[in-house]
Amino acid sequence: MARNSTALVQTFEKGLQLLEYLVEHKVVSVTSIAKLMGIQKSASYRFLNTLRLHGYVEQDQHNNYILTDKVSKMGNGIVPRMEFRHIVSRFLDELAKRNCKDGICNLGKWNGKEIVYEVQSANFEYAQYSVGRTVPAYCSALGKAILAHLPEAALATYIQRTPMEGFTEKTCTTEERLRAELQEVRERGYAIMDGELYLPLKGLAVPLLSGDGRIKYAISATRTQYGPIDSLIEDMLVPLQETAHDIVEYIKFYHFD
C-alpha cells in the first residue's frame with residue numbers, strides 16, 4: 001500500500017509498530033519509544049499508557065513498561081475480557097500517583113440506597129473507607145454527585161425513605177438543604193464533602209455521565225485535612241474531570257452496563 005494512501009491510519013500504524021517493538025524487546029521506557037518512533041515524550045507516554053490501560057503492558061518499579069501475556073494469549077485464540085473494576089483501578093492509580101499523593105481516589109456505586117466503595121487507588125497508608133464499605137449518599141461527595149443527576153421521582157423516593165442522621169455539625173439533615181446542595185452540584189458539575197461524615201475528611205467527586213440518562217457511578221478524591229477544602233478542589237478538580245471522561249469512554253468502548 002502506498003505510504004500516502006488515505007486508507008492508511010497513521011496513528012494506528014504507530015501503535016502497531018510500538019506493539020511489535022514491545023514483543024521483540026519486552027521492556028521499554030517512554031524515552032526509548034520516543035527516540036525509536038521519532039515522537040515527543042508526551043506522545044510516547046500516551047501510546048504506552050493506552051496499552052497499559054488495555055492490559056498489554058504493565059509498569060515496574062522503575063516506570064519501565066513490560067509486555068504482559070495478553071498478546072500471546074490472543075495469538076492462541078484467547079481474548080482476555082477487560083473487567084470494569086480492573087480498568088477503573090488503573091485509572092484511579094494513575095490519578096492518585098500523579099495528583100493525589102496525600103489522599104486516595106475512589107469509585108462509588110449507587111445501589112439505590114447508599115454509596116458502595118467499589119474501587120480505590122492503591123494507598124496502604126490512607127484508607128478512611130475501604131472497598132466494600134458503604135456511606136450515606138446525602139452527606140458524601142460521591143453520593144451527592146450521583147443524587148444530583150437522578151430522575152426527580154427516584155430522588156424524591158430516596159429522600160422520603162432516608163433518615164438524615166447528623167454525623168457532625170456540618171452534616172446536611174434536611175430535605176431543603178439537600179435539594180439546594182444538589183442544585184449547586186448540577187450547576188458547577190462537581191460535589192464536595194466538607195467534614196460531613198468526619199470533620200477533617202474532605203471529598204471532591206464528579207459523576208460518570210454516559211449520556212443515556214442513567215447514573216450509577218461517580219469518582220472522587222478524598223483527603224484528611226484541616227482548614228478550607230479549596231486546596232483539594234484546586235489540585236484535583238481538573239484531573240478528576242479528565243479521568244471521569246476517560247472512564248466513560250472506556251465504558252462505551254467495552255459496552256459495560
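This is a predicted model: local features need pLDDT of at least 70, side-chain atom pairs count only at pLDDT 80 or more; totals for chains, interfaces and linings use all residues.

Tutor: Start with the open sheet: 3 strands in the order β1-β3-β2, with antiparallel pairing. The edges are taken by β1 (27–28) and β2 (57–59); each has a single partner strand, so one side of each has no neighbour in the sheet. Look at how β1 meets β3 (residues 65–67): the two pair in the antiparallel sense over 2 bridges. Val 28 has Tyr 65 of β3 as its bridge partner.

Now bring in the helix. α3 lies across β1, β2 and β3, and runs at about 105 degrees to β2.

α3 (residues 41–53) packs with α5 (residues 84–99) at an angle of about 140 degrees, the axes being 10 Å apart. The two helices are therefore oblique to each other. From α3, the contact uses Tyr 45, Asn 49, Arg 52 and Leu 53; from α5, it uses Ile 87, Arg 90, Phe 91, Glu 94 and Arg 98. By type, the residues of this contact come out as 4 nonpolar, 1 polar and 4 charged.

Stay with α5 for a moment and look at the aromatics. The whole structure has 3 aromatic pairs. One of them joins Phe 84 and Tyr 217: it's tilted, at 4.9 Å centre to centre with 45 degrees between the planes. This pair links distant parts of the chain, since Phe 84 sits in α5 and Tyr 217 in strand β9 (residues 217–224), 133 residues apart. Phe 84 is buried, at a relative accessible area of 13%, and Tyr 217 is buried too, at 10%.

For another pair, turn to Trp 110 and Tyr 158. Their ring centres are 5.4 Å apart and the planes stand at 75 degrees, so this one is edge-to-face. It also links distant parts of the chain: Trp 110 is in strand β4 (residues 104–110) and Tyr 158 in helix α7 (residues 152–161), 48 residues apart. Both Trp 110 and Tyr 158 are buried.

Key. Residues are numbered from 1 along each chain as its sequence is written. Side-chain values use heavy atoms; hydrogens and water are left out. Axes are lines fitted to C-alpha atoms, for helices over the stretch in contact, and angles run from 0 to 180 degrees between N-to-C directions. Helices (H or I, at least four residues) and strands (E, at least two) are DSSP runs, numbered from the N terminus. Angles under 35 degrees count as roughly parallel, over 145 as roughly antiparallel, 65 to 115 as roughly perpendicular and the rest as oblique. Contact means heavy atoms within 4.5 Å. Ala, Val, Leu, Ile, Met, Phe, Trp, Tyr, Cys and Pro count as nonpolar, Asp, Glu, Lys and Arg as charged, and the others, Gly among them, as polar. Two strands pair if DSSP finds at least two bridges between them. Rings of Phe, Tyr and Trp (its six-membered ring) pair if their centres lie within 6.5 Å; planes under 30 degrees apart count as stacked, over 60 as edge-to-face and the rest as tilted. Buried means under 20% relative accessible area, exposed over 50%, partly exposed in between (1.4 Å probe, protein chains only).
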